[in-house]
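Colleague: I am new to this structure and would like to learn how to read its features. Could we go through them in turn?

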Amino acid sequence: MKTIRYRSRGDEVNFLEQILVKLGYQVVVSNYFGKDTDRSIRDFQQKNNLVVDGIVGLKTWTKLIAAEQSTIEYTDKLLSEKDLVSFAAQYDLELAAVKAVNEVESNGKGFLIDGRPKILFEGHIFWRQLEKANLNPQDFQNDFTKNVLYKKWTKSHYKGGSGEYDRLEKAAGISDLPAVRNAAYSSASWGAFQIMGYHYKSLGYSSIDSFVSKMYEDENKQLEAFGKFLKVNNLIRHIKNKDWEAFAKGYNGPAYKKNKYDIKLKKAYETYKNQ
């Protein structure tokens, strides 16, 4: 492909901007490489470990096309109307209520652009999981592990996106012990509904690997895990009763009021009910 940059013109620019739109960027599709395209390319380069120069050469083209192909491959993994209808029937719920919960409680799409499920690794949970495995977390503490193993919650080590997989793999690799790896994978929240891995047993999965493999399949499997979580924690009743405050408190914890989850749920429900 031809190397292009800010103020370039031609078919290559049009092709580039079509790819950027598919990847979720807000750009005008034309034959002109404008400021919106330049900003988007620089953002893409930064997120994909490329030189951030706004120049679309061989390396950037390669990453862009690979990302587009990944987008095409994982579109079949996304939730459909049919999935939500089936979920509503399974739990005897009103479809509008299910759509409201899905809209507010799902953390956007359940997959990264590369097709892996979204995760967030929690170092303080890793600490607890090691203790549950009868291991002393302090035995693994050093400068290398300080951003994946700590006693108290902090968001300062979050990287987001694919960076969370870097943290997960670092945690899993601090020892050859299988128990350490299992503790690491149990310490991440998975998929659209960000279900913590350590819930796998209570949700009926045979192992953390079994749970994770389901999270990789599609958003419907992530929705299934969400349903199991709601059932195990007796939250289905609140959806049936449209008791959004009780549901938000049970699912989101004490912070639900600060983030107005109950208000958002009620508003979303009324919107879907009146459609």
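Colleague: Is Tyr-185 buried or exposed?

Modeller: This is a predicted model, so every value here is computed from it. Buried means under 20% relative accessible area. Tyr-185 has a relative accessible area of 11%, so Tyr-185 is buried. Trp-190 is also buried, at 1%.

Colleague: How is a pair of aromatic rings described?

Modeller: By the distance of the centres and the angle of the planes. The count for this model is 11 aromatic pairs. One of them joins Tyr-185 and Trp-190, with 6.1 Å centre to centre and 20 degrees between the planes. Planes under 30 degrees apart count as stacked, and this pair is stacked.

Colleague: What kind of pair do Phe-229 and Tyr-251 form?

Modeller: Planes over 60 degrees apart count as edge-to-face. The planes of Phe-229 and Tyr-251 are at 85 degrees and the ring centres 5.8 Å apart, so the pair is edge-to-face. Phe-229 belongs to helix α10 and Tyr-251 to helix α12, so the pair ties together parts that are 22 residues apart in sequence. Both Phe-229 and Tyr-251 are buried. They also belong to one aromatic cluster, together with Phe-193, Phe-226 and Phe-247.

Colleague: Which charged residue sits over the ring of Tyr-205?

Modeller: Lys-228, whose charged end is 4.3 Å from the ring centre. Elsewhere, Arg-116 lies over the face of Tyr-165, 4.2 Å from the centre of that ring.

Colleague: What span should α10 have, given its 14 residues?

Modeller: The expected span is 1.5 Å times one less than the number of residues. For α10 that gives 20 Å, and its end C-alpha atoms are 20 Å apart, which agrees. Helix α2, with 13 residues, should span 18 Å, and its ends are 18 Å apart.

Colleague: What do the buried residues of α10 pack against?

Modeller: They pack against α4, α5, β3, α9, α11 and α12. Among the buried residues of α10 are Leu-223, Phe-226, Gly-227 and Leu-230. For α2, the buried residues include Asp-36, Ile-41 and Phe-44.

Colleague: What is found at the start of α10, and which residue with positive phi follows this helix?

Modeller: At the start, a side-chain oxygen of Asp-218 comes within 3.0 Å of the backbone nitrogen of Asn-220. After α10 comes Asn-234, with a positive phi near 55 degrees. α2 is followed by Asn-49, whose phi is also positive, near 55 degrees.

Notes
Residues numbered from 1 in each chain as written. Predicted model: local features only at pLDDT ≥ 70, side-chain atom pairs only at ≥ 80, totals over all residues. Heavy atoms only, no water. Helix = DSSP H or I, 4+ residues; strand = E, 2+ residues; numbered from the N terminus. Buried < 20%, exposed > 50% of the residue type's maximum accessible area, 1.4 Å probe, protein only. Phe/Tyr/Trp six-rings, centres within 6.5 Å; stacked < 30°, edge-to-face > 60°. Lys NZ or Arg CZ within 6 Å of the ring centre and 35° of its normal. Contact = heavy atoms within 4.5 Å. Polar contact = N/O pair within 3.5 Å; in protein donor to acceptor, adjacent residues only side chain to side chain.
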